[in-house]
Amino acid sequence: MAYIDWLSQQTGKRYRLPSEAEWEYAARSGEKDEKWAGTSSLTELDAYAWYGQNSSQRTHPVGSKKPNDLGLYDMSGNVWEWVQDFWHESYEGAPADGSVWEEGGNEGHVVRGGSWRDWPDYLRLAHRYWGKPDFRYFVIGFRVARDI
């Protein structure tokens with residue numbers, strides 16, 4: 001969050017973590033019903049994502065695989081991505097407008113997308129996990145969103 005505050009101050013534009021709904025919409029190229037970002041075919045997954053079977057057990061530069069149909073890279077694999085929402089077991093009671101859902105959750109934030117260490121099932125766009133905000137782990141990163 002300190003980086004996001006710094007970036008916003010440096011540019012004069014408002015940056016933030018995306019909501020979980022925004023992240024999923026972006027990862028699914030809008031409203032496509034894809035299993036992973038860019039494809040639903042396991043045989044095509046290598047072209048779109050870094051994961052346990054093709055990563056050589058390390059992260060890779062963003063943009064070295066194919067983007068999804070919105071032109072976004074690494075929405076599946078490479079690193080898990082923090083979103084602003086607090087963890088809830090289900091979407092029951094989630095805001096219908098895609099905004100951040102912080103009320104009533106536990107103290108953890110949602111992470112999405114899977115990482116370079118994971119099996120394909122963990123990279124599925126429907127898969128969710130969580131971590132505490134002060135938790136640091138070498139498979140978790142973040143993607144910023146900018147208000148326009």
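This is a predicted model: local features need pLDDT of at least 70, side-chain atom pairs count only at pLDDT 80 or more; totals for chains, interfaces and linings use all residues.
Entry 1: I looked up tyrosine 3 in particular: it sits in helix H1, residues 2-11, and counts as partly exposed at 42% relative accessibility.

**Entry 2: salt bridges.** How many salt bridges does the structure hold? I found 9.

**Entry 3: arginine 14 and aspartate 147.** Their side chains meet at 2.3 Å, N to O, in a salt bridge. Arginine 14 is in the loop between H1 and strand E1 (15-16), and aspartate 147 is in the segment after strand E6 (145-146), so this pair ties together parts 133 residues apart in sequence. Aspartate 147 is partly exposed, at 31%.

**Entry 4: glutamate 20 and arginine 128.** This salt bridge spans 2.7 Å, N to O. Buried or exposed, I wondered, is glutamate 20? Glutamate 20 is buried, at 4% relative accessibility, and arginine 128 is buried at 13%.

**Entry 5: glutamate 81 and arginine 143.** Here the side chains meet at 2.8 Å, N to O, in a salt bridge. Glutamate 81 belongs to strand E2 (residues 80-86) and arginine 143 to the loop between strand E5 (140-142) and E6, so parts 62 residues apart in sequence are tied together. Glutamate 81 is buried at 4%, whereas arginine 143 is partly exposed at 23%.

**Entry 6: a network.** Last, I noted that salt bridges with shared partners join Glu20, Glu24, Arg28, Arg112 and Arg128 into one network.

Definitions and conventions. Residues are numbered from 1 along each chain as its sequence is written. Side-chain values use heavy atoms; hydrogens and water are left out. Helices (H or I, at least four residues) and strands (E, at least two) are DSSP runs, numbered from the N terminus. Buried means under 20% relative accessible area, exposed over 50%, partly exposed in between (1.4 Å probe, protein chains only). A salt bridge is a side-chain nitrogen of Lys or Arg within 4 Å of a carboxyl oxygen of Asp or Glu.
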